[in-house]
Amino acid sequence: MTSDDRTAKDRQLDAARVDKRDSVLTTDQGIPVDDTDNSLKAGERGPTIMDDFHFREKVTHFDHERIPERVVHARGSGAYGYFEPYDDSLATLTKARFLTTPGLRTPVFVRFSTVAGSRGSADTVRDVRGFATKFYTEEGNYDLVGNNMPVFFIQDGVKFPDFVHAVKPEPDNEIPQASSAHDTLWDFVQLQPETTHMMMWLMSDRALPRSFRMMQGFGVHTFRLVNEEGVGTFVKFHWTPKLGKRSLVWDETQKIAGKDPDFNRRDLWESIEMGAYPEWELGVQLVPEEDEFAFDFDLLDATKIIPEERVPLRPVGRLVLNRNPDNFFAETEQVAFHLANVVPGIDFTNDPLLQGRLFSYLDTQLIRLGGPNFPQIPVNRPIAAVHNYHRDAYHQMRIDKGEAAYHPNSLDGGGPTPADGAGYQHYQEKVDGWKIKKRSESFADHYGQATLFWNSMSDWEREHIVAAFRFELGKVKARHVQEGVVRNLNEVDHDLAVLVAEGIGVEPPGAPSRPNHGRSSPALSMDHEPADTI
Ligand code: HEM
């Protein structure tokens, strides 16, 4: 990266960067330390004594080094870069200037992650990958917190703790680490048919990306663009890698996990160090509000895609990652993405999974990053000015001047005043209904798009999917769980269910409750059956 490429975020980060070369060792109080290899003792062979403030500070700081890892997506890798729109073609649909000002380079930080494993787990596991982007826009931070698959396991955020408990290592023995061969996962899956579509993606090669640089990203939910007139347009966000989509095959993932558990992390780091900057194109699918009910699924259902044949992808701009962080913990570990970080021109919808996320991220970051001042951590700081009446709390780094920390006030020459029409305005949507713990019937079809996905696969892709189901589900000890999954798969495609059942020694199912409307499966050779490596 040349000095010309430095973004406003880079310049802001300079204030936090410390160059340690050729410096004298000091305590945190700046007192030069004479000897850091020997503690202060009463006699050469005597006990260490309390006077040794350097010993106590050094060990205390070490003792407190760990913070909680993320409750999900604990293992990740990040990089800085920029986003640049191609043109102003979205200007009639959104006020968001970073999407509509040609040539405007908005600094970004992107973090890729696996979901289930802990911070030290291997990269090449069968899992969803996170693809989270923080845009440091001139109007504040916008976070697009997505995954590398366009749908999700569940439809309502209230199920997320159950789902994650089923995915994570089991509570009694913490087995298995980062694996889909898991009784509890498959039990949840068989009991919650809404997981079926996503499980098809998870058993496909999409769950084994060759590189973060060769991976798609999706905002998953339907969001809303809002223009100057307050008119909304539904939108789905897509990232498409310039290098194309590439996956590993199962056998490779197993060997790489043993030989280089940092395979994806290393690949991202090294390509950026070498100047082979990864790029993605941002595309949008747009649906006018009046077409909200034009589909045979609900736009608010995160287990569904909008088929691109129905709503083509429209290119918007490009994302380039061109700088590695200086310090993994300070930046990649402490970055805090949140779906609720939106800028004028982008808003939410009533998707109940999205709504659940609006609560969860800030809540978890309050504990993970030690209280409400984490937006002041350098990687999280907006480049836009921040002024408000928040005060105090742990790790306060700002020195807000003046005596009045309330609004309105007539002292101190008046403090920050609301933008009065020029600030973020929530999309005005009429909501009229009973408080009700129920899901709309429009969320009820859990199999149709799973069938579409299966039908869109080539024969070799199908072989990989069948092999993955056989391998992962074959490890499950509870027979009734295996049978339950096969029953769900039978509603996706009868041939698929029979192939899986035969592979794991379960009674093949009878006719599905509805005819599977796909092309019939050719006899798969199953040459790609993975070796049972466990
Ligand atoms: C973290 C994506 C659903 C709660 C993350 C991260 C990503 C992500 C990419 C990692 C962020 C990072 O790199 O720091 C998604 C997607 C979802 C989804 C695409 C569905 C479409 C949910 C739901 C909840 C949830 C439904 C809760 C109701 C969390 C939490 C974290 C997280 C608590 C950890 C955040 C942190 O500690 O900073 N998610 N997630 N997610 N997600 Fe989600």
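Trainee: How many bridges join strand 3 to strand 4?

Mentor: Happy to start there, and keep in mind that this is a predicted model. Strand 4 covers residues 140-147 and runs antiparallel to strand 3. The two strands form a hairpin with two residues between them. Within this pairing, Ala132 stands opposite Val145 in strand 4. The number of bridges joining them is eight.

Trainee: Which residue stands opposite Gly130 in strand 3?

Mentor: For that one, look to strand 2, residues 106-114. Strand 2 and strand 3 pair in the antiparallel sense over seven bridges. The residue opposite Gly130 is Ser113.

Trainee: Are the two faces of strand 3 covered or exposed?

Mentor: In a regular strand the side chains alternate between the two faces of the sheet. On one side of strand 3 sit Arg129, Phe131, Thr133, Phe135 and Thr137, and on the other Gly130, Ala132, Lys134 and Tyr136. Nine of the nine residues in strand 3 are buried. Both faces are therefore covered.

Trainee: Are helix 13 and helix 14 roughly parallel or roughly antiparallel?

Mentor: Helix 13 (residues 479-492) packs against helix 14 (residues 494-504) at an angle of about 155 degrees, with the axes 6 Å apart. Angles over 145 degrees count as roughly antiparallel. So helix 13 and helix 14 are roughly antiparallel.

Trainee: How many charged residues does the contact of helix 13 with helix 14 have?

Mentor: From helix 13 come Gln482, Val486, Leu489, Asn490 and Val492, which meet His494, Leu496, Ala497, Val500, Ala501 and Ile504 in helix 14. By class, eight of the contact residues are nonpolar and three are polar. The number of charged residues there is none.

Conventions: Residues are numbered from 1 along each chain as its sequence is written. This is a predicted model: local features need pLDDT of at least 70, side-chain atom pairs count only at pLDDT 80 or more; totals for chains, interfaces and linings use all residues. A residue is buried if 20 or more other C-beta atoms lie within 10 Å of its own, exposed if 12 or fewer, and partly exposed in between; C-beta atoms are placed from the backbone. Helices (H or I, at least four residues) and strands (E, at least two) are DSSP runs, numbered from the N terminus. Two strands pair if DSSP finds at least two bridges between them. Axes are lines fitted to C-alpha atoms, for helices over the stretch in contact, and angles run from 0 to 180 degrees between N-to-C directions. Angles under 35 degrees count as roughly parallel, over 145 as roughly antiparallel, 65 to 115 as roughly perpendicular and the rest as oblique. Two residues are in contact if their C-beta atoms, placed from the backbone, lie within 7 Å. Ala, Val, Leu, Ile, Met, Phe, Trp, Tyr, Cys and Pro count as nonpolar, Asp, Glu, Lys and Arg as charged, and the others, Gly among them, as polar.
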